[in-house]
Amino acid sequence: HANSAVKQLSGWYVHGRTMRVCLWRPVTEEFGQPHKENKLPEKPCSVTFSNCNAVSTEGFLRWLLSKAGTVLCFALQRSDEGKSLGWGSCTFDSKDAAERAVQHFDGAWVDNRQIKLEVDLKPPKSFRPCVFFHNVSWTTTAHDLKRRLQQFGTIEEFELRVKPNGRSLGMGTCRFSCSKEAKAAIKGLDGHMLQGRRLYLCRYDPIGAGRVQASRPWENCPPEVKEEVVSDDEKEESNPSSN
């Protein structure tokens, strides 16, 4: 009966609001496991999702999938006009979490659509070209912010995190094509004013994926991330032909 209610009622437009219905489980039955402190994710794993309703926001879908485990990166693909294409990817901190997401949500009815999930067999991309930004005004659109970041390189993935109701949380991640572009973006935009708010950027830290970091990008990175950054930069310097 509960599954039938989710299928029939989720996505209904009631008194000017889109109603969302999903299965509820007590805290004791939640299957996501918290991260152990000071420990990098050992083997991140991604899932691809598709057939999502256009009304399903990034915030709602990310919240839903986070019930399976810790989400490190989330991307909902959109058209040039900003409309949802109904598909994307979600990277978890472990293969177990990714498999739980597929087990519990593949074929589930979300916003009156039966979504599809499958484990992505390709290894997840490195986090070294990623930056984390925060303190963005909630009125700043993803299009405006992405346009500013594009001045420093090619953007492969971009996410402005939002609440389940679609309102901006003022933070997110951006993946460039290489760590050199990410470092240039941090140097060029960290601490600058954007639509009345001071924008902060730093190197993305997979240990604290949900934690707002301070504005100093390199000093506050964990030792493991710093070592990756140094080795990556040294590799670029030692291979000038790759540029």
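Helices (H or I, at least four residues) and strands (E, at least two) are DSSP runs, numbered from the N terminus. This is a predicted model, in which local features need pLDDT of at least 70 and side-chain atom pairs count only at pLDDT 80 or more, while totals for chains, interfaces and linings use all residues. Residues are numbered from 1 along each chain as its sequence is written, and side-chain values use heavy atoms, with hydrogens and water left out.

View 1. Of its 243 residues, 42% count as buried, meaning under 20% relative accessible area with a 1.4 Å probe and protein chains only. Contacts are heavy atoms within 4.5 Å; among those between residues at least 6 apart in sequence, 61% join residues at least 24 apart.

**View 2. The largest nonpolar core has 22 residues.** Such a core is a set of buried Ala, Val, Leu, Ile, Met, Phe, Trp, Tyr and Cys residues joined through side-chain atoms within 4.5 Å. The residues with the most contacts inside this core are F49, L61, L65, F74, F92 and L117. At least two core residues come from each of β3 (45-50), α2, β4, β5 (84-92) and α3 (95-105), and α3 gives the most, with five. Another core lies apart from this one; its 17 residues include I155, C174, A185 and L194.

**View 3. Here are the neighbours of F49.** Leaving aside residues up to four places away in sequence, F49 touches L61, L65, F74 and L117, among others. W87 and C90 are also among the residues that F49 touches.

**View 4. The largest cavity has a volume of about 60 Å³.** On a 1 Å grid over the protein atoms alone, a cavity is a set of points where a 1.4 Å probe fits but cannot get out, and lining residues have an atom within 4 Å of a point. Grid points are joined across faces, edges and corners, and a volume is the space filled by probe spheres set on the points. C73, F74, A75, C130, E157, F158, E159, T173, C174 and R175 line this cavity. Two or more of these come from each of β4 (71-78), β10 (155-162) and β11 (168-176).

**View 5. The second largest cavity has a volume of about 40 Å³.** Its lining is made of F49, C52, L61, L64, L65, I115 and L117. Helix α2 (residues 58-65) provides the largest share, three residues.

Note on methods:
1 Å grid on protein atoms, 1.4 Å probe; cavity = no way out; pocket = protein on both sides within 12 Å on 5 of 7 lines; lining within 4 Å. Buried < 20%, exposed > 50% of the residue type's maximum accessible area, 1.4 Å probe, protein only.
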